[in-house]
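Subject: Structure handover

Dear colleague,

I am passing the structure below on to you, and I would be glad if you could look through it alongside these notes. They begin with the ligands and then turn to a few places in the protein.

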Amino acid sequence: MDDKDLIHLGIIMDGNGRWASARNLPRTAGHLEGLKALRKCILGSISNNIKFLSLYAFSTENWKRPDQEVKYLLNLVATKLPAELKFYNTNGIRILVRGDSSNIPPKVAAAIKKTEDATENNSTITVIICFNYGGQNEIARAVNEIIEEKIQAPITPEIIRKHIQYPFVPPVDMIVRSAGEKRLSNFLLWESAYSEFGFYDKLFPEWNEDFIKVIKNDFQKRTRKFGGLGK
Ligand code: IPE
Ligand code: IPE
Ligand code: MG
């Protein structure tokens, strides 16, 4: 593997609502269609040899949406996540859920645990569903753990890194966002220190296997220097 390998891709899946509105459908229909695109993106990532795929599914700020939409999204995780076990296991997909588990409904927590346990031994790709996730919340959780462990100052970046959830997951090589917005919206703040970025107008429900290839090609055109002079 060299610097041109896209090992860890992060996707900010945006534009589900706009996809639905453009078709006079309720926003929820956009989320369902987004789910289909998500499946295609996982398969596209496997065929492009991506080993870690982080998907931003629900942010710590998304609780601000109308109750009905929040409920719908929570229910989608509780029902659709464990319903795809066959898909995960035939394709070697390990599912991990990243985020703050302290305030999610028990039904959702149970679905997450069931899916994580059932896919634990799959090793073709690790798909990290970022759910009730916020980069700032994640760093604060790491800091709280450090305090609880009574680790003495000086606290180094390496100590913080080891306390971030799933320290075995490598930094994100590229973060892409659909639907034309050019912001991180609190996604992978720590992990993105040296990631490349790609912003695409296409709405998330329109993404598919081929689009992952487009992203990989864009990534391979970048020169990464990590503070050095590049090769
Ligand atoms: C992304 O689509 C899905 C989530 C944030 C859960 P949006 O729901 O944000 O879609 P837009 O931005 O309203 O089009
Ligand atoms: C970011 O999308 C969060 C997810 C994709 C889950 P949003 O649609 O919530 O982001 P903002 O509010 O436009 O920044
Ligand atoms: Mg949005």
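A polar contact, as the term is used here, is a pair of N or O atoms within 3.5 Å. Please keep in mind throughout that this is a predicted model.

Gly-15 takes part through its backbone, where a polar atom is 3.4 Å from an oxygen atom of ligand 1. On its own, ligand 1 has 380 Å² of accessible area, and the protein covers 86% of it. The residues around ligand 1 include the run Met-13, Asp-14, Gly-15, Asn-16, Gly-17 and Arg-18, and among the others are Arg-27, His-31 and Leu-73.

Turning to ligand 2, you will find Met-13 and Asp-14 among the residues around it, together with others including Tyr-56, Phe-58, Ser-59 and Arg-177. A polar side-chain atom of Ser-185 lies 2.6 Å from an oxygen atom of ligand 2, for Arg-183 the corresponding distance is 2.8 Å, and an N or O atom in the side chain of Arg-65 is 3.2 Å from an oxygen atom of the ligand. Taken alone, ligand 2 exposes 390 Å², of which the protein buries 78%.

Which residues of H6 are buried? They are Gly-135, Glu-138, Ala-142 and Ile-146, and because they cover an arc of only 80° around the axis, they sit on the same side of H6. That buried side packs against strand S3 (93-98), strand S4 (125-133) and helix H7 (157-163), whereas the face turned away from it carries the exposed residues Gln-136, Ile-147 and Glu-148. Just after H6, Lys-150 takes a positive phi of about 55°.

Gly-99 lies in the loop between S3 and helix H5 (106-119). Gly-99 counts as buried because its relative accessibility is 8%, which falls under the 20% limit. Leaving out residues up to four places away in sequence, Gly-99 touches Phe-131, Asn-132, Tyr-133, Arg-141 and Gln-165. The C-alpha atom of Gly-99 is also 8.5 Å from that of Ile-129, although these two residues are 30 residues apart along the chain.

Is Glu-196 buried or exposed? Its relative accessibility is 16%, and Glu-196 therefore counts as buried. The side chains of Glu-196 and Arg-222 are joined by a polar contact of 3.2 Å. Apart from its neighbours within four places in sequence, Glu-196 is in contact with Asp-173, Met-174 and Ile-175, and with Phe-219, Arg-222, Thr-223 and Arg-224.

How values were computed:
Residues numbered from 1 in each chain as written. Chains lettered and ligands numbered in written order. Predicted model: local features only at pLDDT ≥ 70, side-chain atom pairs only at ≥ 80, totals over all residues. Heavy atoms only, no water. Buried < 20%, exposed > 50% of the residue type's maximum accessible area, 1.4 Å probe, protein only. Helix = DSSP H or I, 4+ residues; strand = E, 2+ residues; numbered from the N terminus. Arc of directions from axis to C-beta. Contact = heavy atoms within 4.5 Å. Near = heavy atom within 4 Å. Polar contact = N/O pair within 3.5 Å; in protein donor to acceptor, adjacent residues only side chain to side chain. Areas by Shrake-Rupley, 256 points an atom, 1.4 Å probe, with all protein chains shown as cover.
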